[in-house]
Amino acid sequence: MPVSLIAKRDALGVSPGKLFIDGQWYAWDAQRIEQVHPASNEVMTHFADAGHGGVELAVKAARKAFDEGPWPRMAAQDRRRLLRPIMDGILAAEEELAALQSLDNGIPLSFSRQSRVSPRAAADIFDHFLGWIDKINGETYPQFSGTSNLHYLSFREPVGVVAAILPWNGPIMSFAMKVAPALACGCTVVVKPSEFAGIAVHRLAEIIAQSDLPPGVFNLVTGGAEAGAALSSHPAVDKVTFTGSPEVGEKILQASGANMKRLSLELGGKSAGLVFPDCRDVAGAARSLMGLCSTFLSGQVCTTPSRAVVHRSILDEFIHHAGEQLKQVRFGDPFDPATTSAPIISKRQVARILDLIRSGQQEGAQLLAGGSCPGGDLANGNWINPALLVNVRNDMRIAQEEIFGPVLCVIPFDTEEEAVRIANDSAFGLAGALYTSDISRAFRVARAVRTGSLGVNGFASVPNAPFGGVKRSGVGREGGWAAIEAFTELKTVNFNLDA
């Protein structure tokens, strides 16, 4: 039977989305956009397309709430008390939010409930940043010169109105990573979810709407590229925090120059997983790297290590176990416990991934498995059988462009220096992994690879550690104190005690 999400949509009570501005819900019926489910391409709901008009109202509300309202000037204890019910509300709606996220992007419900993109992980992020609220402090400085009686101290003040533009692949986690630190620092926020995945974020907005935040502190706009461009370029926005494609990130970077917006841009990746001959568990490394490309979100994660850089002495063993891992992949209804993998978010992205696979073959790579679209009951959805490509050279298009899909490219190497050179031969630098039992090599290679983060014998991100990229992978960091710095400005005040 073909996959259908209509019954689950109806059981979850999904209704048309609205805008939330200045403490009020707006139907905004003049223009609507459809959200379809990638597993079946059925319409899940309609959202308001805010366009320039809706964005203008939301930014105006956020600006007034920041300039005239109590939120930026509120005592730390009071701000924390107002934010804690939001965290509690996320935990209370945990099961519903997980299901809505699966209805958004097709991530299997088991991952939506338990992984780093789960509602519980989002609540943990809120919990972490709630703990920072009464610890956002400046410094005092020793008297520099005895010729005057000037004394200096600094304050961290909220950066202002924040535009938070979310991706579709982890909307709940991304919402928390942007909204929690912004609110904790005393900023006001306008959130825009991806037009591909707005259902779970809309529910999160409902949770915030039920809180006692002052009007205008939190606002939600929905829509497509026009709304996103209007929001990111608005002169009354002080900071943009964006997760998405490098191409859109470049446009935001250019537009920010008009009023020197502060930016946090988490963009694309082309991560490498380096597997050295002294790796104790080659099978585990192969299952991990192939699994990240074929299960969960099917490689549609910016940190996905789509390049497996493997020492030639263990190449055959690695390829064998990577192929074995593919036998565990199961497509289908994301609410079926047997389903392991998400569909591709759009038909356009399916076409792009297939084109990249073909280009690899044309340039000399060998396709050992996958790379085709299943038919039958899956024919209506955006599915690609995970592809395993070997004999890949790092100068191939498939090894240089971000795939954002279920493809693993296996690239052999002979020396440690060559492995590092291959890893760094990329326009991106977001994440990566290395597998070795030699602690000296692990330290040496981890320092040599140019990425914002790197895992040794495993990789994970947590709320209290910084995360972000170098080169074309972005600007700034999310997580921990780095996020507090990103949502605040330093002000230095000096006092003349002889006046």
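A residue counts as buried when its relative accessible area is under 20%, as exposed when it is over 50%, and as partly exposed in between, with a 1.4 Å probe and protein chains only. The structure is a predicted model, in which local features need pLDDT of at least 70 and side-chain atom pairs count only at pLDDT 80 or more, while totals for chains, interfaces and linings use all residues. Residues are numbered from 1 along each chain as its sequence is written, and side-chain values use heavy atoms, with hydrogens and water left out.

We begin with the aromatic rings. Rings of Phe, Tyr and Trp (for Trp, its six-membered ring) pair if their centres lie within 6.5 Å, and planes under 30 degrees apart make the pair stacked, planes over 60 make it edge-to-face, and the rest are tilted. Under this rule there are eight aromatic pairs. In one of them, F20 and W25 are tilted, with 4.9 Å from centre to centre and 50° between the planes; F20 is buried at a relative accessible area of 6%, whereas W25, at 32%, is partly exposed. F20 and W25 also belong to a cluster that ring pairs build together with F175 and F218. Another pair, F276 with F413, is edge-to-face, because the ring centres are 5.4 Å apart and the planes stand at 70°. Helices (H or I, at least four residues) and strands (E, at least two) are DSSP runs numbered from the N terminus; F276 lies in the loop between β12 and α11 (282-294) and F413 in strand β16, so this pair ties together parts that are 137 residues apart in sequence. Both of these phenylalanines, F276 and F413, are buried.

The buried residues of α15 (residues 416-424) are E416, E418, A419, V420, I422 and A423.

Which residues lie nearest the centre of the largest pocket? They are F196, G244, S245, E247 and V248, out of 42 lining residues. Here a pocket, on a 1 Å grid over the protein atoms alone, is an open set of points where a 1.4 Å probe fits, with protein on both sides within 12 Å along at least five of seven lines, and lining residues have an atom within 4 Å of a point. The volume of the largest pocket is about 1300 Å³. Two or more lining residues come from each of α9 (225-232), β10 (239-243), α10 (246-255) and α13 (347-362), and α10 gives the most, with six.

The second largest pocket has a volume of about 400 Å³, and its 24 lining residues include R116, M173, M177, S461 and F467 as the closest to its centre. Helices α6 (119-130) and α7 (171-184) each supply at least two residues of this lining.

Finally, the cysteines. A disulfide is taken as a pair of cysteine sulfur atoms within 2.5 Å, and the count comes to zero. The sulfur of C185 is 5.7 Å from its closest cysteine sulfur, in C187, which is too far for a bond, and C185 is buried, at 4% relative accessible area. C373 is also in no disulfide, as the nearest cysteine sulfur, that of C293, is 17 Å away; at 42% relative accessibility, C373 is partly exposed.

Methods: Points joined across faces, edges and corners; volume = space filled by probe spheres on them.
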